Amino acid sequence: MTGVLATVLLQSQSNETLDTLLGPMYWLLEQWAGLLSWVAREAGIEMLGYGFMQRGILVGLCIGVMAPLIGTFLVHRQLALIGDALAHTAFAGVAVGLFLNAVIDLGVTPYLTAVVVAMIAALFIELISEVTDAYNDVSMAIVLSTGFALGTTLITINAGGMTVSVEQYLFGNLSTVTSQSAAILLVLFGIIVGMVALTRNQLLYVTFDETAARVSGIPVNWYNRIMVMLTALVVVGAMQIMGVILVAAMLVVPVAGASQVARSFNESLLVSIALAELSVILGIAVSYQIGATAGGVIVLCGVGIYAVAVAVGKLKTRYGDQEVPEMGSIDVGDDGAAGAMWTEEADGSDVVTDD
Amino acid sequence: MSSGSAATARETAGSPEQEAVIELRDVAFGYTATPVVEDVSLSIQNGEYVAVVGPNGSGKSTLMQLMLGLLEPGTGAARLFGEPAHSFDDGGRLGYVAQHASASKEMPITVREVVKMGRFPHVGFGRLSSRDWAIVDDALDTVGMSPFAARRITQLSGGQRQRAFIARALASEAELLVLDEPTVGVDVESVQAFYGLLESLNDRGITVLLIEHDLGAVTDNADRVVCLNREVYFDGPTAEFVESDALAHAFGTAANFLGDSE
């Protein structure tokens with residue numbers, strides 16, 4: 001009896017502490033809800049009037065910023081799969097949370113345990129890559145499988161009733177986004193955007209040219225660790241409505257689309273965020289109309305937008321960038337005044353090109 | 001720039017009035033029990049134009065990494081601007097240009113954004129000031145890439161791309177420029193222009209260290225040659241290297257080396 005009482009007290013205390021910490025986020029959520037309710041009334045858009053929709057849309061919009069923000073760095077380092085691996089370990093984290101709640105009645109949201117487990121897995125992947133000197137498919141596949149295996153094992157050990165709630169983590173569910181999990185997502189959003197804003201120079205250098213970054217004095221391993229940790233946070237944040245299985249798509253698809261049309265890195269960041277937001281808004285609206293899971297529809301919209309971006313990119317190359325010379329066909333003498341400087345100084349003697 | 005200046009510079013190595021840019025003493029390193037380089041001692045002074053040559057697998061790139069502090073010597077000591085190379089943290093003084101193939105990712109990034117990275121060691125977490133941007137544009141101008149500043153780096157030829165990377169080193173106000181086989185895969189005309197640029201930068205006082213297996217490029221351009229095949233076979237003025245038998249010793253026969261391909 002005392003044990004049960006203590007557990008109940010502990011549970012309510014831990015939730016109270018969390019809610020106190022999340023206070024400012026709840027205030028933001030209220031403002032957001034007020035804004036959308038007003039829009040719903042004024043514009044007569046019924047779906048914006050529901051509380052769950054208001055939270056779902058906010059979470060979706062945050063995902064639309066943070067997923068491509070991190071995804072841009074991952075994709076250009078050929079690390080697109082790391083999101084998938086971390087999503088599956090986050091699933092293990094959810095299972096740990098559900099397990100602890102069932103066994104010792106811990107009373108924490110499984111998203112918090114997912115954050116912890118995914119962060120540990122992220123560090124583990126990074127350490128493997130540091131030891132083996134490369135991110136390799138095999139170690140990532142092992143981490144991915146281990147995460148999912150651990151998740152399914154822990155879940156099936158428990159009472160059958162629990163498996164019902166697992167679906168929402170696998171496929172995501174817009175309508176089950178609670179105020180607390182939306183508030184947690186806002187915190188994650190702040191951390192992710194803040195960290196990228198702070199370390200954008202270093203992340204860009206490491207992404208583009210790791211060796212040169214190392215030579216220039218950037219502690220590359222630290223930035224790689226930051227990168228995978230931020231990825232873990234994005235994955236857990238986005239999991240609520242995207243689900244474990246589809247979460248990686250938000251890291252990759254908008255970025256792939258942006259790469260087709262953007263010329264500069266800054267442009268690709270902005271375009272990928274714009275494409276992701278478009279997917280989210282379209283996806284949520286369509287899923288509401290047809291009564292389908294938001295995550296799946298968002299990804300389908302994203303892929304459709306990607307296909308359009310590929311077509312636009314091809315047209316741009318064909319009609320817009322015709323002045324772009326083929327690789328290796330530049331005559332340095334045609335570069336204008338500066339080019340002339342460089343041919344004048346060129347040593348005309350024979351060069352052995354034995355490679 | 002005369003070949004004699006390199007020799008003079010070497011003679012003054014270790015003298016208190018002139019700090020060596022790179023100083024290796026009895027350096028050995030191996031990834032396994034078998035050393036990749038061993039017993040390497042050399043000193044590169046400010047303003048020199050040095051080429052490290054050697055056949056494939058001779059330890060050139062490993063030596064370069066030891067010099068830049070990317071690897072720590074198994075035995076011996078490597079110093080960069082007077083500090084232990086491994087803990088050297090003033091990255092702005094170093095410029096690094098890799099084989100152009102290593103930067104051929106399909107990343108959407110403009111030439112100016114690449115050159116901008118040269119300022120990162122100076123600005124840290126901050127934004128580039130107007131002065132930083134002026135340095136970036138000046139570097140682009142020096143290498144003749146201003147007309148291509150807004151172009152995606154993947155749309156450039158190999159030679160142009162390498163010039164962009166030199167500009168990045170210039171933007172960081174590098175005193176030492178290290179190039180690892182920079183002209184592999186670059187067309188012949190661009191190669192000549194590329195070495196012309198290196199020479200003009202060296203004339204401006206930048207120390208140039210060229211890791212190269214293209215002997216023609218080395219003998220035409222560098223003032224001093226270090227010939228490596230695990231250990232140093234020759235270290236001296238280029239003119240002496242051409243006449244020495246170091247080549248035959250280091251490579252087995254010269255003919256073998258010239259016929260070698262990457």
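Which residue stands opposite B:Arg79 in E5(B)? B:Pro84 does. This is a predicted model, in which local features need pLDDT of at least 70, side-chain atom pairs count only at pLDDT 80 or more, and totals for chains, interfaces and linings use all residues. Residues are numbered from 1 along each chain as its sequence is written, chains are lettered from A and ligands numbered from 1 in the order in which they are written, and side-chain values use heavy atoms, with hydrogens and water left out.

**View 1. The open sheet of chain B.** Four strands line up as E2-E1-E4-E5, with antiparallel pairing. Strands (E, at least two residues) and helices (H or I, at least four) are DSSP runs, numbered from the N terminus. Two strands pair if DSSP finds at least two bridges between them. Strand E2 (37–44) and strand E5 (83–84) are the edges, each pairing on one side only. Strand E4 (residues 75–80) meets E5(B) over two bridges, in the antiparallel sense.

**View 2. The largest nonpolar core.** This core holds 179 residues. A nonpolar core is a set of buried Ala, Val, Leu, Ile, Met, Phe, Trp, Tyr and Cys residues joined through side-chain atoms within 4.5 Å. Buried means under 20% relative accessible area, exposed over 50%, partly exposed in between (1.4 Å probe, protein chains only). B:Ile166, B:Leu198 and B:Leu209 touch the most other members. Helix H10 (residues 220–261) of chain A gives the core its largest share, 20 residues. Not counting residues up to four places away in sequence, B:Leu209 touches several residues, including B:Ile22, B:Val52, B:Met67 and B:Leu177. Contact means heavy atoms within 4.5 Å.

View 3. Chain A has 13 helices and zero strands. Of its 355 residues, 49% count as buried. Among its contacts between residues at least 6 apart in sequence, 76% join residues at least 24 apart. The chain exposes about 15700 Å², and carbon and sulfur atoms supply 67% of it. Areas come from the Shrake-Rupley method with a 1.4 Å probe; for residues, only the protein chains shown count as cover. On the surface, A:Leu278, A:Leu282, A:Val286 and A:Ile290 form a nonpolar patch with about 340 Å² of accessible area together. Patch residues have over 30% relative accessible area and no salt bridge; like charges are joined within 9 Å, nonpolar side chains (Val, Leu, Ile, Met, Phe, Trp, Tyr) within 5 Å. A:Val286 sits in helix H11 (residues 265–290) of chain A. A:Val286 is partly exposed, at 32%.

**View 4. A salt-bridge network in chain A.** A:Arg77, A:Glu210 and A:Arg214 are linked by salt bridges. A salt bridge is a side-chain nitrogen of Lys or Arg within 4 Å of a carboxyl oxygen of Asp or Glu. The closest N and O atoms of A:Glu210 and A:Arg77 are 2.4 Å apart. A:Glu210 lies in helix H9 (residues 210–215) and A:Arg77 in the loop between helix H3 (51–75) and helix H4 (81–104), so the pair ties together parts 133 residues apart in sequence. A:Glu210 is partly exposed at 27%, whereas A:Arg77 is buried at 14%.

**View 5. Two salt bridges in chain B.** The structure holds twelve salt bridges over all chains. B:Arg93 and B:Glu175 meet at 2.9 Å, N to O. Their positions are 82 residues apart. B:Arg119 and B:Glu173 pair at 3.0 Å, from positions 54 residues apart. B:Arg119 is buried at 2% relative accessibility, whereas B:Glu173 is partly exposed at 39%.
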